[in-house]
Structures are given as C-alpha cells and as structure tokens.
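Please keep the sequence and the 3D view open while reading.

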Amino acid sequence: MKLYPSVILTIAFTFATTHSWAETPTEKNEAVANSQTIDNYELAAKAFAENKPNDAFIYLKNALQQNPRHLPSKLLLSQVYFDAWNIPATEEELRESLDLGADINLVLPLLGQTLIMQRKVDALLALEKYSKDFNRQTQFEWALLKGQAYLIRKDETMAQMQFENALAISPKDVRAINTMATLYLQLGWFDKAGHLITQSMDIDPKNEKTWVIKGELALAQNKPNDALAAFNQAFTIDSYDPRVLRNLATTHLKLKNFTETQTYIDLTLAQSPSDPAATLINAWLLMSDNNEAMAQQSLADLSAKLSLLDESELSEDLSLLFVQSAAEYIQGNYEKARQHLEAYLAKAPSDIGAIRMLTDIYVKTNVPRKAAELLESKRSVISGDIELSAKLIQLYIADNKLLQAEQLLASMKLKLPDNIYLTYLEAQIEAARHRPKQALAILNRHQLGKDEPFRYSLLKGQLQLQLNDLNAAKATAERIIASKVDNNDALNFIAAVLIKNNQLDSALPYIDRALSTNNQDVSARFNKAIILKSQGKLIEAENMLNEILTQNKQHTPTLILLARNDTQAGKYENAISRINQILVYDPNNTSALETKLVIYKQQQNWKEALATAQQLNQLDRLNADYLTENIQLLIRLQRYGDTERYQKILFGLWSNEPEQLRFLAQLQVSSRHLEAAIQTLQKAADLNSKSLPIQLELSQLYFISGNTQAAQQQLESAEAKFGKTANIYLLRGDIAQREKQLESARQQYLAALNLDADNTTAIINLYQLTLKGVGETEFTTMLETRVKDADAPHWMRKLLADSYLNQGNFAAAQKHYERLIAIPDLAKDSSILNNLANIYSATDLSKALKTAQKGLESDKKNPALLDTLGWILARQGQFNDALPYLREAYSFNASNHEVRYHIGYTLLKLDRKTEAIAELKAAVDGGPTFAEYNAAKALLDSIQ
C-alpha cells in the first residue's frame, strides 16, 4: 500500500461511501441506487471481458441510469461505443468523463483516435493543455496523435517530427514504426518505408497492420500480386479489420477478380454500411451486372449521407450645366449632380471647382475608388491645389496604396517643405503602415502648442491610444475639450479615451451627443456597444455591433471586438472568419493580425500562430514583441534552430539593456542555445556588474551547461562582490550534489539556512537529501526544534512527518500527523488522513477505515484515498465493497500500477480470474516501480 507525502490531491469522486454514519431516508435511497450502479457496472465489466458487448452495453446503461456521473461506467461505455464504431458517442462520453475528473492518461488515447477519425484537428491539438499531466506512455500516444493530425493538415514535416518524437520515446514500438513507415509511403520514400516494415516484422511478425502497410507499399510499387499476398496474410491474422477488407477488395478489383471483389465488399459493408469507398465500388459492380437501379439507389444514399457531414440645350451650355450641377449638389441630389458634373468635365476637364465637387460626391456616395481615379486623371490640373492633392493622398491611404501616397507627398513637400498639413499626411501614411510609434514621432517633431490644428491633435491622440499611452491620450483629449471642438470625431475620441481609462459614466454623455448629431455614427455606436458590454448587456451590445456591420461590413474595430468575444466563448472558427474579413481588404492590419495570433495561441494551433507572428515580424522587423513571439512559438514547435536569427536581432536591440538581456537568456535556454545564453548573460553582467541576480543566473547557466568549474569561479566572483548570500550557498549545494558530494551539499544548504532561517528552498533541498539517505536524523532533529515555535508554518510539520514516514518511523510520523489534524484548517486534509489511514492499517483496520472515510468526505475524488480505502476493505475480506473504490481510484489515476495490483487481487478473490490476470499483467508490466511489485508478480505467477 502506497504512503503519500502531504501533497493535497484534488481529483473527483462520484459515489457516496456506505461504511459509516446512520443514514437518513434520502441517504438510504442514494445508497441503494449506488449499490445498483456498482452491481451493474461489475456485470458490465465481466460481460465485456467475456466479449459480450451487447450485454455490457445494457448493464452500463442501467448503471448510468442510476448514477449518470459514475465514472468507471462512462469510461467503459466509451470503449463499447468505440468498438461498435459509434465515434460521436465515444467522444461525448470521453469528454464528459474528463469533465468529471478522469485521468487524462486514461482518456487521451481513445479520445484522440475519435478526433482523428472525425478529422477534428483543432479539437485534438487543444488537448495540449493537459500535457503537463501526461505520463511517458501518454507522451508516446500524444506524439503519434499529433503526427496524424499534421498529416490531415498535409504538413508532412511537422508530422515526421512528431513520429520521430514517438520513436524516441519507444524505439521498438511497432505502432510508431508503422506510423513512420506510412508517412514515408505517402512521401514516396519507398526504400525508407521498406526498411521500417522489415524492422517492424522483426519485432512482431504477426501484426496485421504491418502486413497491410507492406501490401500498400507493393501497390505503390505496382506489384499487385505481392500486395494481395500481404493483404491475405493480414486477413488471416484479423479478418474483421476494415482496412484489410478494403485493401483486399480494391486489389482484387485491380486484378479484375470481380467475384472476390464482391466478397470483400460485402464483408466491408456488413461492418460499415456507410463506407463511401465500398459503396462506390459496390455501385460499380452493380452497374457491371446491369443492375443500374440498385446502383443509382446506392449512390443516392451515399450522397445523402455525405451531404449531412460537413451579387440638349443644357448639355451644350456649359455655364448652365455647371449651375445645374451645383444646384443638385447643394440640395443633396448627388446622383443627378454626378451625371451633370461628369458631362460637364467631359467638356471642361480643367475646372478645379467641378473636380472638387465631383470628388466630394464620390466620397459621400461611398465610391472612393472613383474619386481616386478622377483625381489621378487630373494630376496635372490639381498639382497646385494642396487640398485636392491631399485628398488624393488620403484616398491612396484608404486604398492601402501607400507607395503612391508617399510619392505624391514627396512631390508636394518639394513645393511646400514646411507645411504642417503635409507633416500630418506623412504621419497618416506611417499610421496606415501600422507603425504608430513612427507616426507619433513625426507628429511630435513640431511643438505647436495652442496653434495645433484639431486634426493634427486628433491623429496624435488616436496614435497614443494605439500605443496604450493613456496618460498622453488623456492630456490630448483634455486639450481638445478645452478647445471646444464639438464635432463627432472629437466626441468619439474623447469617449474612447474615457473608456480606456474605465470612466464609462463620463464617456456616455459624449457618445450620446455624437449620436444625437448622427444616430448612425459608426464610431459612436461602437463606443456605445463597448459600454453596453461592460454593463453586462451582452445581447444589446452584440446587436449593436451587428447593426454596425450591416451599415459598414468592413468596420475593423467592430470585427476585432466580435472576434475577441467569439474567442472568449470558444468560437474560434467564427473569430478567425471575422479577422479574415479585415485581412482581405487590409492584409497588413496589425491589430487584426495580433488578434489572430491570440486566437491561434488559445487554440494551441502553434503552426498558424507562428505564420501570423512571422507576418507581423515582416511588417515591423525590429518590434521586440513580435520577435519574442516568434521565438516562443518556434520553441513550442521544437524548431530550436530557427530561433537563432530572431535572438540575434533581439540581442542587437537590447545590447544596452541588462534586464532585457536576462529575459533573452531565458529564451535562449528554452531554445537549447546554452552557449548563446551564457554570452548574453555575460554581456548583461558587464553592463550591470552590481546585479547579484545576473551574476547568479550566469553561474546557474554554467552549471546547467556542465561547466562546473566556471560556475564555481562565477560564484566566487559574486561572493567577492556581494558577500555571502543564501542563494550562493544554495547553488554551491546543487554543484556538490552533481559531483555526488552529498554531505558537502547538505552543509551548503545548512549554510544557506544560517543566513536565511526561513529559506524554504534550503529546507526542501535538505528534505530531498534525506530521501537519498543523507542527514535524515539531523533533518528531523532540526525540524523538531523549529516546530516547537508556535509560529512555525504547518508545512514544516508536514515535512517533518513525511520525513519520519519515509524513514519508517511510523510512530513519530503518526504523532505529527495527529497534531496537524487537530488544527481546524487541516482537520480534513486528505493527504494527511490518507497517510494516517495507512499507518493505522498496520494495527487497526477499523480505525484506518474510518480515517480514510473522513478524508473522502472533503476530497471525494482523491485517488490515493480511494485506493487506500478499497485496499483496507479488501484486507478485511469485504471484496465486493472494495472493488468500486479501487475502480474509481484507477479512473482518476491510471498510471498507478499499485492500484492495478489491488484490483487484480480483489477480482481474484471474487473468482474473476480472467479479469484478475489482465489487471495483474498490467501492474507487473510497469516494472518494479511500486512497493508491492514482488507481491503482484508472485500472485500473477501463481495463477497463470
């Protein structure tokens, strides 16, 4: 029985214990239902072991009718569904099991297969969030699953990398070898595939998957007879494998063996009636037999199933024509005005007034492209008109023709080098390039004070907002308020600043004033939607945002906000779709790209995130944030070599910033560039020789890189500058441990404690040394002295009790654990109660049982306690009562081989020998990693 140190475990337990207090009527009913659930589950488990899936299904449905949250039943039902090829139901059961706290190591292999079979790549990759809990076997399964996911995305390079990871974990695993062989086959690398197939055959000559791949290789090499022989061999091993049947059918078809083709098609359709390939071949065969009606019906059924899956006096008198045009323009009759002006300019092409009027009409009627075309065609006419030339620049900017805008601006600056309006346009171009820092720097060249034009101030404020410089933006807004400019652009900017500063009540009057002037003002409506959202009026906010998009389908802020809302709701595809709407007409919009990056990162779609980060980097190659994103994403993708060029740029950018260089060194360590990290920290240390953290981190890097001598020298240098510090002693202790000088390491950690009596790391390191048999007595003596202090932290007494437990001094451990549970906040601490129950079980099983039950009251999903309680019951001979607890323990911690041993032992006592052997084999196959390994092996040997 495993004794657990005092680490609080938090996993879910779903049925009530029936071994303690007097029951109320409700509790009694629950106990009866629970008993029925357990009985049905055990009947199902027995039926499943005897290959009676229909019986197992019925029992499991009965169990879950009594208790829909019974985790072992849900997990077994998912396997029954999977074996019956009900993939959506399998996924549903497994996801619900995860929500109930099932061990990811138990769920991932089957859930991953269901997601791959449904081609749900994003959903599969989202399971990366559980990776910190993967055991070695699950890491292997995860590498295979990710490789298959990348194959679905047609990213053979990433797939190959994942399959290689799997092989590195389990070099002789046939599945990993076969998966890599399949990839080589797809890539056309037949020699490599053949070599791996031979390797796989040497390990397991009776693996039908290997024979299938061998047959598929023969087909790829146009050797159908060799392929048929391989597939027939696979069929003798497993006559139900649909991949074998399908390959036999297609190969016989290739060889024109139609009778045999029909035989294997019938077998395939008997197992998988909806198989598209089989249905198509069957239809072809039916047509060949002149049974076209049945063939057509077959194809119609297939189409239906597949469909479920997944826009002339007036004209002769120019003066009258111009007057008529102007009259219509003034009245707002823009269509008539446009017609007249176009006719007028055809005969008076150099009339500046008419050009200006027609340009304005095109802009107001939302055809800016025609306005730009008009002004472009009149470049020689408008060259002396700053207003129209500036209008053309703005139209170029709006159409993202920034090179043309820049060229026209340059020609204007030759004539008007000091014109403030041209400075404004220059800043607009930089802003359109999504370079707000550069744009703001252009505006800040001129300190205009009170003479600063409103548009100039407004652009400056908008850039300050983009850069999140809220103090500067607020100062700009206050200047605009003081100037009493009251147009909607001013009102909307002021409102935006107030919203950013979380002054929503103050922002609302400005928004309402803007809407009173123009109730269709997009910026005002957008600001109003933000406030509605902050007030919790989510439906009203979303409705207003959708109305904005009806009015302006390309309103970038609205699309970005809706994308962020979708991201928060987990609607990633909707979010990406909205961002792509922006990027279609503005492919370099950094706000959209940054939002897209966030979405991909939340999806854990690291490949697309990297592509987006690289696009951002291309737009602003010296942006440290973008460079950092690229490095971190490349690390995620294990493309460590590709990080180097970004690191070099960051090193140049941060060459005089020691703290930033510290951060860069951390990135370099993560990307396995230890030598570069050392050089970076050496530079940081040169820049700031007074920084002890930099000195210590440099020493740590030397230590990590294996250069113990350099680490020692660096520590001596640091001690000479800063004196003796606890951290210096801690690192010296780590160095001593590496050199197997464990007593010296202990002395260094003690020296750290002498300088810093509350140094937690030093105490924990000393505890870790006791696990290696070093300083056990001295450690417990030291902690005994410390825990006498009334202010001593409780974790210290826990560590003391754990140390006694590890030393086998159960009486001393019991004394301290009992002191701890006397503290109200720790009275129900599950880890303490579990250890106490195990200690009590040596002398008093009844007391041990009550203690374990008490622990489960507060932590009903604790696998250690469930195992302890189940094993105590088994030792009392209460095998039927023990088994449900042990089943639950396994559901929550499938990596614990000791639990498998306890289940096997209990099943054997219940005369369920076949199931017991399976459990005992699983326990022993894990190797001597648990205390009762020898007992488990002996029991298995005795019954085989």
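Glu387 and Arg356 form a salt bridge, with their closest N and O atoms 3.7 Å apart. A salt bridge here is a side-chain nitrogen of Lys or Arg within 4 Å of a carboxyl oxygen of Asp or Glu. The pair links distant parts of the chain: Glu387 belongs to helix α23 (residues 386–398) and Arg356 to helix α20 (residues 352–364), and the two residues are 31 residues apart. Helices (H or I, at least four residues) and strands (E, at least two) are DSSP runs, numbered from the N terminus.

Arg356 is partly exposed, because its relative accessible area is 28%. The classes are set as follows: buried is under 20% relative accessible area, exposed is over 50%, and partly exposed is in between, using a 1.4 Å probe and protein chains only.

The model is predicted: local features need pLDDT of at least 70, side-chain atom pairs count only at pLDDT 80 or more, and totals for chains, interfaces and linings use all residues. Residues are numbered from 1 along each chain as its sequence is written, and side-chain values use heavy atoms, with hydrogens and water left out.

Side chains of opposite charge can pair when their charged atoms come close. Which residues does Arg912 meet in salt bridges? One partner is Glu42, at 3.0 Å from N to O. Another is Glu915, at 2.8 Å from N to O. Salt bridges with shared partners join Glu42, Arg887, Arg912 and Glu915 into one network.

In the chain, the salt-bridge count comes to 44.

## The chain in outline

How many helices and strands does the chain have? There are 55 helices and zero strands. The C-alpha atoms fill a box of roughly 115 × 95 × 65 Å, taken along the principal axes.

The chain has 944 residues, and buried residues make up 49% of them. The chain exposes about 46200 Å², and carbon and sulfur atoms supply 50% of this area. Accessible areas come from the Shrake-Rupley method with a 1.4 Å probe; for residues, only the protein chains shown count as cover.

## Two helix pairs

Two packed helices are described by the angle between their axes and the distance between the axes. Axes are lines fitted to C-alpha atoms, for helices over the stretch in contact, and angles run from 0 to 180 degrees between N-to-C directions. Helix α36 (residues 606–619) packs with helix α37 (residues 624–636) at an angle of about 155°, and their axes are 9 Å apart. The angle makes α36 roughly antiparallel to α37. Angles under 35 degrees count as roughly parallel, over 145 as roughly antiparallel, 65 to 115 as roughly perpendicular and the rest as oblique. The crossing of α36 and α37 is left-handed, a term used if the near helix is turned anticlockwise from the far one by less than a right angle; clockwise would be right-handed.

Helix α37 includes Asn630. This residue has 0% relative accessibility, so Asn630 counts as buried. The C-alpha atoms of Asn630 and Leu443 are separated by 31 Å, and the two residues are 187 residues apart along the chain.

In the second pair, the axes of helix α54 (residues 913–925) and helix α55 (residues 933–943) come within 9 Å and cross at roughly 140°. This makes α54 oblique to α55. The crossing of α54 and α55 is left-handed.

## Positive phi in two loops

Most residues other than glycine have a negative phi, and most peptide bonds are trans. Arg119 has a positive phi near 60° and is not a glycine. Arg119 lies in the loop between α5 (104–117) and α6 (121–125). Its relative accessibility is 56%, so Arg119 counts as exposed.

Asn468 is not a glycine either, and has a positive phi of about 60°. Asn468 sits in the loop between α27 (454–466) and α28 (470–482). At 49% relative accessibility, Asn468 counts as partly exposed.

## A nonpolar surface patch

Which residues make the nonpolar surface patch of about 240 Å²? They are Leu622, Ile649 and Leu653. Patches are made of residues with over 30% relative accessible area and no salt bridge: like charges are joined within 9 Å, and nonpolar side chains (Val, Leu, Ile, Met, Phe, Trp, Tyr) within 5 Å. Leu653 lies in helix α38 (residues 644–653). With 31% relative accessibility, Leu653 counts as partly exposed.
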